[in-house]
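Please look over the sequence and the structure shown here before reading on.

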Amino acid sequence: MTVQHVPMNRRTVLRGAFAAAIGIPTAGALASCATGGAGDDDPTDGGNTGEASDTNPFGMAENTVVDAVIFDGGYGIDYVEFAAAILAETHSGSSVEVQSSTQIATELQPRFVGGNPPDLIDNSGAQSMGFNTILDQLEDLTDVIDAPNLEGTTIRDTLYGGVLAPGTFDGKLAAINYVLTVYALWYSASLFEENGWTPPTTWAEAKELGAAAAEQGKYLFLFGTEAATYYQTLCIDSAIIEGGDEVRLALENLEEGCWSHPAIQSVFTAFKEIIDLGYMKPGGSGTQFTAAQAQWSNGQEALLYPSGSWIENEMKDQTAEGFEMTGTNTFPVTADSTFPATALHSTAGEPFIVPSDAASVEGGKELLRTMLSKESAENFSKTKLAPTVIKDLVPEDGFGSTALVSQTDMLSAAGDDIFTYNFVATYGMNQEQLVFWNSFLDGQSTVEKLTADLQGLTDRIREDDSITKIEVQ
């Protein structure tokens with residue numbers, strides 16, 4: 001399956017087929033020189049004066065002070081400070097100044113214009129810089145993934161499948177995304193064990209579980225108004241697993257009749273039956289989404305909840321003791337789905353970039369290499385309870401997090417069968433789609449009405465000549 005490619009500008013045609021995304025870029029594709037950057041012509045700027053070696057593959061100069069600006073969001077900046085301390089130990093005399101920012105574009109675009117950008121940037125958050133505005137000013141980071149980590153293993157060989165694609169633009173690896181988000185159905189393993197329940201693997205099994213939940217005075221699902229489209233994600237994921245990559249491509253490319261694809265319709269129909277049977281907790285369209293989520297994680301009023309893997313951290317203060325939050329794969333309609341039941345919707349985030357005009361391109365890459373090494377990546381997962389793009393680092397106990405254990409299990413089982421899609425964000429569709437899904441989940445809309453509403457929005461965007469369309473292959 002394919003993984004997400006982010007548009008570099010409004011006129012870019014994106015390329016990245018089903019299997020090709022997993023392998024790009026090739027080892028030699030647009031690889032940047034290890035001694036590139038501002039230091040090439042100025043020996044006083046701390047740039048290109050070091051000697052490359054196995055332990056200093058980019059030739060970072062001695063006594064370099066690496067300038068890193070990190071988005072201070074849900075993950076904070078301490079994980080980069082942790083890697084910075086390791087760099088200071090492995091390169092005596094050098095250090096890292098880690099600065100936090102919540103306004104990346106506002107604060108850093110003037111530095112790009114002035115020719116003095118930081119050496120390493122976490123280009124994340126609502127105020128991140130558009131890659132179309134800075135792409136030609138960024139290093140190709142292929143040499144980073146082809147370098148050895150601190151343990152001596154080539155970084156490329158330590159990565160989960162497909163994680164490079166979100167940072168690849170027209171064949172250039174301009175960003176390395178650091179954190180993995182897994183989209184799944186979440187449940188209490190302890191509650192399931194207590195009642196002898198098992199996670200469903202098809203919609204028919206989900207219906208049976210809904211009946212069992214009703215016998216215990218519980219619901220199968222619940223929702224909150226701002227997160228109603230979490231169920232759109234659930235349905236799309238199910239349809240992609242059921243019907244294959246053609247489902248994803250039809251949606252991504254806003255094809256006429258895409259919402260009427262048989263796989264999507266089979267999912268909508270199965271889901272509507274569950275709603276009509278009363279297995280969805282009513283009143284969600286009038287409930288704030290974290291309050292609804294607390295009804296699941298704390299009140300245990302429903303068995304399953306679809307979300308990205310941020311759910312554990314988001315609800316950490318509103319989760320019942322002994323809940324044992326666990327993720328399970330989104331299920332297809334049938335046992336004969338196009339993609340295996342282990343296929344997974346996951347995408348990499350927190351894009352790290354190295355500007356070519358940085359004072360120490362080599363230092364920025366060396367800090368990123370350090371972050372991608374075992375000790376740093378393990379520290380991130382342990383302290384943030386989220387996986388990085390480095391595989392096989394989370395211990396069996398998930399640092400005490402059952403949710404993290406389940407994420408790594410799902411990622412390992414998926415292998416290269418990892419997919420994502422971006423059409424909702426690309427065209428800003430979520431706000432209107434929320435209206436459609438709140439109505440559907442509350443039982444006020446039919447499959448036919450939901451399909452017509454979603455297709456109508458899609459058609460309006462496709463036919464609007466003022467909006468440049470992004471073709472995905």
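## Buried and exposed

A residue is called buried when its relative accessible area is under 20%, and exposed when that area is over 50%. Thr 168 is therefore buried, with a relative accessible area of 4%. The place of this residue is in strand β4, which covers residues 168–169, and a polar atom of the Thr 168 side chain lies 2.8 Å from the backbone oxygen of Leu 164.

## The chain as a whole

The model described here is a predicted one. The chain has 473 residues, and buried residues make up 57% of them, while the secondary structure comes to 18 helices and 10 strands. Among the contacts with a separation of 6 or more, 76% are accounted for by residues 24 or more positions apart.

Helix α13, which spans residues 361–371, is largely enclosed by the rest of the structure, because 11 of its 11 residues are buried. The buried residues of α13 include Glu 362, Lys 365, Glu 366 and Arg 369, as well as Val 361, Leu 367, Leu 368 and Met 371.

## A strand covered on both faces

In a regular strand, the side chains alternate between the two faces of the sheet. Strand β7, made of residues 305–308, is covered on both faces, for Tyr 305 and Ser 307 are buried on one side, and Pro 306 and Gly 308 are buried on the other. Strand β7 pairs with strand β6 (residues 176–188) in the antiparallel sense, over 4 bridges, and in this pairing Ser 307 of β7 has Ala 184 standing opposite.

## Aromatic pairs and a cluster

The count of aromatic pairs comes to 24. One of them is formed by Trp 203 and Phe 271, a tilted pair with 5.4 Å from centre to centre and 45° between the planes. This pair links distant parts of the chain, since Trp 203 is in helix α7 (residues 203–215) and Phe 271 is in helix α10 (residues 262–276), 68 residues apart. Both Trp 203 and Phe 271 are buried.

Phe 268 and Trp 437 form an edge-to-face pair, with 5.7 Å from centre to centre and 75° between the planes. Here too the pair links distant parts of the chain, as Phe 268 is in helix α10 and Trp 437 is in helix α17 (residues 430–441), 169 residues apart. Phe 268 is buried, with a relative accessible area of 1%, and Trp 437 counts as buried at 0% relative accessibility. One aromatic cluster takes in Trp 203, Phe 271, Phe 268 and Trp 437, and its members also include Phe 221, Tyr 231, Trp 259 and Phe 440.

## Buried polar residues and cysteines

Gln 232 lies in helix α8, residues 230–243, and this residue is buried, with a relative accessible area of 3%. Which residues is Gln 232 in contact with, leaving aside its neighbours within four places in sequence? They are Trp 259, Val 424, Gln 433, Trp 437 and Leu 454. Gln 232 and Trp 437 are 205 residues apart in sequence, and yet they are 7.3 Å apart in space, taken from C-alpha to C-alpha.

Ser 406 is found in helix α15, residues 402–414, and counts as buried at 5% relative accessibility. Leaving aside its neighbours within four places in sequence, Ser 406 is in contact with Trp 186, Thr 326 and Gly 327.

A disulfide is a covalent bond between the sulfur atoms of two cysteines. In this model the count comes to 0 disulfides. Cys 235 counts as buried at 3% relative accessibility, and Cys 258 counts as buried at 3% relative accessibility.

Technical notes. Residues numbered from 1 in each chain as written. Predicted model: local features only at pLDDT ≥ 70, side-chain atom pairs only at ≥ 80, totals over all residues. Heavy atoms only, no water. Buried < 20%, exposed > 50% of the residue type's maximum accessible area, 1.4 Å probe, protein only. Helix = DSSP H or I, 4+ residues; strand = E, 2+ residues; numbered from the N terminus. Pairing = 2+ DSSP bridges. Disulfide = S-S within 2.5 Å. Polar contact = N/O pair within 3.5 Å; in protein donor to acceptor, adjacent residues only side chain to side chain. Phe/Tyr/Trp six-rings, centres within 6.5 Å; stacked < 30°, edge-to-face > 60°. Contact = heavy atoms within 4.5 Å.
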